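Reader: Hi! Could we go through this one together, a bit at a time?
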Amino acid sequence: MLNSINLDDKSYEDLMAEALSKIPLYSDEWTNFNRSDPGVTILQNLSAFTLLQRGSINQVTDEVLRALLGLAGYRTQENRAATLLVKSPGGEPLPPQYQLRLGNLCFETEEETPLSGWEVEAMYASRGEAFQDITMLLETEAGTAAVFGAEPQAGNALYLILSGRPETERPLLLWAQVSGRIPRNPFPEAGGPSFARTRWQYYTAEGWADAQAQDETHTFLTSGKVSLLLNAGEPAVFEGAPVRGYALRCLLEECGYDQPPRLELLEANLFPVRQWETRAWTYPAAGGGQVEIRSPLAELGNLYVYCREVPGGPYRLYAPFTGVTQTGRLYLREDFPGGVRLTFHRARFGFGPCQEEDTVLVSCFDNEMIHHRDLGPVYGYEDQEIPLDLVENVLPDRFLLLMESPDGEGEAGFYPVRPGTEGEGGLRYRLDPTAGRLYIVHPGFGAGSRLYLANCCTTAGDGGNIRPGSVLTHPEPPFSSAAPRSFQGVSSGFGGRRYETAEQLRQRFAAGVRTPAAAVLPSDYEALVLRTPGLCLHKAHAAAFPEENLIRLTAKPYSSAPLPRLSPFYLEEIHKWLEPRRMLTTRVELVQPRYVPVDVWAALQVKSYYDNAAEAVEALLREALDYVNGPQPFGSRIRFSALYQQLMELPCVEAVIDFKLIPREWNGVTLDAPDLVLGPYSLCCPGEFHIQLQTFSQNQGGSR
């Protein structure tokens, strides 16, 4: 599949010419190659059949390609909606499916969302009794701050002073935007290295109480949200900070940071919205006398009601009571601002839902989809295509059909069927989410049944991963005179993803095949080490010693230290990462990187009209010899001629009179005159510069 052979690269004429040219190799009695010869006629038929067969084999459909790659463990990535954290402005609770818009993007609440108007009033980094004001982190593009100080230690804390009382009934969401100055490998979804241990607390009348915390930032090393549940007592006002108020704090209990965590933004009192637009949704409810649905979609009034009358039985379609018919499958409907109320009277109408969970289904539609809910019949053959009108980029996990099929008594029953699952009578279908189409995989006994749309949400996928600070607007509700409201998006949109095409899946497979998952060659070890989860690694080098069955390996971490070394924590994490990926009999030895200072002795003739010649020469040499921060790998060659040429090309230099490179130590350095060759685990760095400058004047024709 990576480099497939093209079987359809010959024409009919090519096949015939090839066949005729081979006849003498097999028979010297066949001499008539004209079209009138019966043998040539047979060859013509076989060539035509071969051409058709090759063309058919050469065509690998997307469905076949996905199935083949699925055997290798590569599954298609489905559409996934982005999540955005929005600042709570205070006010009335928002109902489910409350829409906020940014251009043509729609974001919705997934459940009823209470709003409270408090915000973070002040923020402090604390060490003992000292408080450093870092309230600037509440504003975007205001700079960065070390939340636990420039040198984090156990006992340091981050304090958040709130302007109002935080809620204790639901999780409190915070968003931390980490400064991305130093690249860090992604953490795994579960586990991974732990650089520190923190405890989130909130202040109560009895003192500091622990909050239940879910920290997705890995203690402020990656951007993400923090969820806190304050259920250990009632919050109280904290008097111990420069500003009084309700308080949260993050206490650093254990510290082993490789880099002090720095934040660009920290916000609290947020609520999530998801980037999708609900075109149709079915609300399940328990059976009983009354069902109340609160949502903007239900408020539109475009709905169908289905009830299960016996446990485990089919759903039946109910109609609103109009007064014309007094008995039957009927319900009373009452519209109110924000939703709809349905009342069932079994004694009055003779029918009603049974007393169980999810025995009432209320399918609601927007003003367009109500006219396209009927998707048509199932004819009974496989791969029947059924288009979805007006929708594309559908979310498969939020899609549902209702199949209408007569039961044994001839009455119409309705059965929910999700994509990829087996429904009533064995009906199974797959969803093409990009194009908005259904394909009947197996009609089962559903032939002759009819399909209706029940749930349908569309998304822009990765288009919903919008930048932080975006302003979302709520359009005016249909039955309300309330003015549109604006909401501030705090986080960047995250998690959005588009449906993966077959070609993208193939490319991901190809990249995965070429990415080492097990270490065999030294280059595999280097690639694997640089991917160690959670670490900040710049470059690595591995060397093999076959006679010892040994791989000796070194790596250089990103660090603010001028000559960084691998800490014991880094060594342990690299060993843990490599251990299950090495060959069973191969030993791995980690060594520290070696840094070789190189001194420079130079005499240069410079032009008289340059005032900063010494600074320019030194800057060039420092950059050229800085293999620690530069792209040069371990064991590089320091090319004397290249440095000499760079000096000559400086605008301020007229001539290079003398130039020498002398390593501070020769251990691990060899001389390949005039170049220096570093050892396999060595990087050079600038040493001392001994530079003599002579001024050259063109008017005087010489030096002075």
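Author: Happy to. Strands here are DSSP runs (E, at least two residues) and helices are DSSP runs too (H or I, at least four), numbered from the N terminus. This is a predicted model, where local features need pLDDT of at least 70, side-chain atom pairs count only at pLDDT 80 or more, and totals for chains, interfaces and linings use all residues. Residues are numbered from 1 along each chain as its sequence is written, and side-chain values use heavy atoms, with hydrogens and water left out.

Reader: Thanks! Where does Pro-674 sit?
Author: Pro-674 lies in the loop between β40 (669–672) and β41 (675–678). A cis peptide bond joins Ala-673 to Pro-674, with omega about 0°.

Reader: And which loop holds Leu-390?
Author: The loop between β26 (384–387) and β27 (400–406). Leu-390 has a positive phi of about 70°, although it is not a glycine. Asn-393 is in the loop between β26 and β27, and its phi is also positive, near 55°.

Reader: Switching to helices: at what angle do α8 and α9 cross?
Author: Roughly 125°, with the axes of α8 (residues 522–529) and α9 (residues 568–578) coming within 10 Å; axes are lines fitted to C-alpha atoms over the stretch in contact, and angles run from 0 to 180 degrees between N-to-C directions. That makes α8 oblique to α9 (under 35 degrees is roughly parallel, over 145 roughly antiparallel, 65 to 115 roughly perpendicular, the rest oblique).

Reader: Which residues of α8 and α9 meet there?
Author: Tyr-525, Leu-528 and Val-529 of α8 meet Ile-574, Trp-577 and Leu-578 of α9, where contact means heavy atoms within 4.5 Å.
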